[in-house]
Amino acid sequence: MFSFTRENTSLIAKWWRNVDKQILFLFAFLFFLGLFFSFASTSSVIAEKVNKQTYFFFIKHFIFVSISLFLLIAISIQEKNKLIKFLPYLFFISILLLSLVPIFGVEVKGSKRFMDFSLFPRFQPIELVKPLFIIFVAKIIVLNEKTNIHRRYLYSFLVLLLVVIFLINQPDLGQTLLLTSAWITMIFVSGFNMVILSILGLVLLSIIALLIFFLPEKFGYVFLRIKTFIDPKVGDNFQSQKALEAIKQGGLTGQGMGEGILKDKVPEAHTDYIIAVISEEFGAIFVLFIVIIFLFIGYKVLNKVFSGQDEFIKLTLVGLVSLLIIQTFIHIGVNTRLLPTTGMTLPFLSYGGSSLIGSSIIAGVILNFTRKDFTRY
C-alpha cells in the first residue's frame, strides 16, 4: 500500500501522534503473548510427534506475527476515505475465495475449510471474510441512505445468508454462529425492530436445525457434538475432557511454564485449546488477565463509538468488537466445556496464519477508525 519515502516517514509520524496508543499496545501485547505461548505449547510436540525441527511451529508463528503486525500498521495508517472505498472490493475477493473452497479446498478431519497456496499453505478464507463482512454490512445499512431502511436490512441479511450457505457447505457451523451473532449485534445496535429480528433469528436457527436433521451424513457431527456435550458418555469427548482436566490441574497459579501435559496429549492444543494450555501452566488468574485485556479493548473502542459522529464507523467498530469478544468467549466456553466443540481459535493468541491475519485486519481497521483525526465521510 505504501513505500518508505520521506513523505511516508511524515505519514508514520502523524499516525503515531493520532493513533490510540493504549489500544495499539494491547493488540501488540496479545500478538506477542500468542508468540510466547506458541513457544511454550508446541516445541516438545513437534520434536516428538511430527518429526520436524524443535521450534518449527514457533518459527512459523513468529513469521505470521511479523506479517500480521506489518499488516496492522499498513491498514491503520491509511486515510479513512481510501480505506472505506477499498475494503468492499476486497470483500468480494474474499467471498470468491470462500466459494472456491469446496472445489479446491483441502479436506481436514472431514471438512473442507482451507485452501492450499504455495506461499500460504492452509489458508482459511473465512478469516479474511469475517472483518470484511462486518464492514460491508455496515456500509449497506448506513451509507445507502436513499434505500428504505428495511430493504437495507434485508440486503444485509441476504449477504449473511450467502456467507452462511458457503460455511454450512464446508461444514463450519462454529463460524456460522459467530458471524450470525455479530450481524444480530449490529442490527440491534442500529435500531432494528426486536420482534422482526427475533423472527429472523428463529428462521435462521430453524434452517440450521432442518439441515442437521435431513442431511445427517453431512451435518450429523454437529448433532453428535451436542449429544456428547449434554452426555459425555455418548461420544468421543477426549480432547474437551483433557482440556477441562488441564484447567483443573492448573488451578489459580498454574503448574509452571513447560510443566503442563495437555500439549503432549491433544494434537490441536496450540490452536483450539490454547486457553486450556495457558490455564494449566500459568493458572486461571492469567486467563482472567487475558479476558480483561479483551474486555478493556472493547471498553476503549465503545468509548470511541459513543463519542463519535460517523454512523458507518460507529457501526463498523461495534461489529468488529463483537467479533473479537464473542469469538473469545466461544473459545473459552469450549475449553471449559460450557459449549460444544467448535474448533474456534482464540484471536491473536492461537497458532495459525489465517487466524492471525484475520485478527490483524480487525485490529488495523479498529485502530484506523479510532484515530484522533476522526472525520466524517
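## Basis and overall content

This is a predicted model, in which local features need pLDDT of at least 70 and side-chain atom pairs count only at pLDDT 80 or more, whereas totals for chains, interfaces and linings use all residues. Residues are numbered from 1 along each chain as its sequence is written, and side-chain values use heavy atoms, with hydrogens and water left out.

The secondary structure of the protein chain comes to 15 helices and two strands, where helices (H or I, at least four residues) and strands (E, at least two) are DSSP runs numbered from the N terminus. Of the 377 residues in the chain, 51% are buried; here buried means under 20% relative accessible area, exposed means over 50%, and partly exposed lies in between, with a 1.4 Å probe and protein chains only. Among contacts with a separation of 6 or more, 73% are between residues 24 or more positions apart, a contact being heavy atoms within 4.5 Å.

## Salt bridges

How many salt bridges does the structure hold? The count comes to three, under the rule that a side-chain nitrogen of Lys or Arg lies within 4 Å of a carboxyl oxygen of Asp or Glu. One of them joins Asp20 and Lys304 at 3.5 Å, N to O, and this pair links distant parts of the chain, with Asp20 in the loop between helix H1 (6–18) and helix H2 (21–50) and Lys304 in helix H13 (residues 284–307), 284 residues apart. Asp20 counts as buried at 10% relative accessibility, whereas Lys304 is partly exposed at 27%.

Another salt bridge, between Lys130 and Glu127, has an N to O distance of 3.1 Å; these residues are three apart in helix H5 (residues 125–143) and therefore separated by about one helical turn. Both ends are buried, Lys130 with a relative accessible area of 2% and Glu127 with 5%. The pair Lys314 and Glu311 meets at 3.5 Å, N to O, and again the residues lie three apart, about one turn, this time in helix H14 (residues 311–335). Lys314 counts as buried at 18% relative accessibility, while Glu311 counts as partly exposed at 42%.

Helix H5 has 19 residues and reaches 26 Å from its first C-alpha to its last, close to the 27 Å expected at 1.5 Å a residue, the expected span being 1.5 Å times one less than the number of residues. H5 bends by about 30° at Leu132, where the bend is the angle between axes fitted to the seven residues ending there and the seven starting there. Because 17 of its 19 residues are buried, H5 is largely enclosed by the rest of the structure.

The 24 residues of H13 should span 34 Å, and the end C-alpha atoms are 35 Å apart, which agrees. The buried residues of H13 include Val287, Ile290, Phe294, Ile297 and Val301.

## Aromatic rings

A search of the whole structure finds 18 aromatic pairs, taken as rings of Phe, Tyr and Trp (its six-membered ring) with centres within 6.5 Å, and with planes under 30 degrees apart counted as stacked, over 60 as edge-to-face and the rest as tilted. Phe36 and Phe282 form a tilted pair, 5.7 Å centre to centre with 55° between the planes. That pair links distant parts of the chain, Phe36 in helix H2 and Phe282 in helix H12 (residues 274–282), 246 residues apart. Phe36 is partly exposed, at 34% relative accessibility.

Phe36 and Phe282 also belong to one aromatic cluster with Phe25, Phe29, Phe37, Phe286 and Phe289. Elsewhere, Lys21 lies over the face of Trp16 at 4.9 Å from the ring centre, a relation that requires NZ of Lys or CZ of Arg within 6 Å of the ring centre and within 35 degrees of the ring normal.

## Individual residues

Val159 lies in helix H6 (residues 149–169) and counts as buried at 13% relative accessibility.

Phe348, in the loop between H14 and helix H15 (353–369), has a positive phi of about 75° although it is not a glycine. At 0% relative accessibility, Phe348 counts as buried.
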